[in-house]
Amino acid sequence: MTTPAKTIRIFGWYLLALSAALIIVPNLLLGLFGVAATNEVWIRVAGMLAGIIGYYYLRASATGFSEFFAWTVPVRLSVLVFFCALAALELAPPILIFFGAVDAAGALWTWLAIRRPSARA
């Protein structure tokens with residue numbers, strides 16, 4: 001497995017863990033980050049979507065789908081931009097920026113791994 005594939009695999013596992021928390025114990029996760037508890041179904045829907053995306057990441061990493069690796073970089077970087085905008089507009093709590101920063105850090109790690117000459121092997 002190439003280094004870019006490893007970055008994608010690790011991010012896929014992160015998404016699956018986040019998904020499980022959002023589906024099974026969403027208020028525990030929300031409470032850890034100082035966000036008000038909710039009984040709305042949307043938090044679990046978001047968890048399901050994170051799980052589906054995590055599955056795609058794991059499958060892509062297992063098959064070495066290098067084009068997918070590159071596709072994820074700008075999209076994952078955009079998450080931070082959107083979350084910052086939501087926080088700035090006071091439509092979401094500022095802690096959401098933390099999750100955007102995790103996505104951006106993962107994206108930069110993947111991008112650096114893709115650029116490394118050994119990644120082309």
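Contact here means heavy atoms within 4.5 Å. The structure described is a predicted model.

Helix H1 covers residues 3-24. Its 22 residues, at 1.5 Å a residue, should span 32 Å, and the end C-alpha atoms are 32 Å apart, which agrees. Buried positions in H1 include Pro4, Ala5, Ile8, Phe11, Leu15, Leu18 and Ala21.

**Nonpolar cores**

The largest nonpolar core comprises 8 residues: Ala5, Ile8, Phe11, Leu15, Tyr57, Ala60, Phe68 and Phe69. At least two of its residues come from each of H1, H3 and H4, and H1 gives the most, with 4 residues. Beyond its neighbours within four places in sequence, Ala5 is in contact with Ser61 and Phe69. A second, separate core has 7 residues, among them Leu18, Ala21, Leu29 and Phe99. In soluble globular proteins, nonpolar side chains tend to be buried together.

**Aromatic arrangement**

Across the whole structure, 9 aromatic pairs are found. In one of them, the ring centres of Tyr57 and Phe68 are 5.1 Å apart with the planes at 85°; the pair is therefore edge-to-face. This pair links distant parts of the chain, with Tyr57 in helix H3 and Phe68 in helix H4, 11 residues apart. Tyr57 and Phe68 are both buried. One aromatic cluster is formed by Phe11, Tyr14, Tyr57, Phe65, Phe68 and Trp71. Over the face of Phe11 lies Arg76, at 4.2 Å from the ring centre.

Technical notes:
Residues numbered from 1 in each chain as written. Predicted model: local features only at pLDDT ≥ 70, side-chain atom pairs only at ≥ 80, totals over all residues. Heavy atoms only, no water. Expected span 1.5 Å × (residues − 1). Buried < 20%, exposed > 50% of the residue type's maximum accessible area, 1.4 Å probe, protein only. Phe/Tyr/Trp six-rings, centres within 6.5 Å; stacked < 30°, edge-to-face > 60°. Lys NZ or Arg CZ within 6 Å of the ring centre and 35° of its normal. Core = buried A, V, L, I, M, F, W, Y, C linked by side-chain atoms within 4.5 Å.
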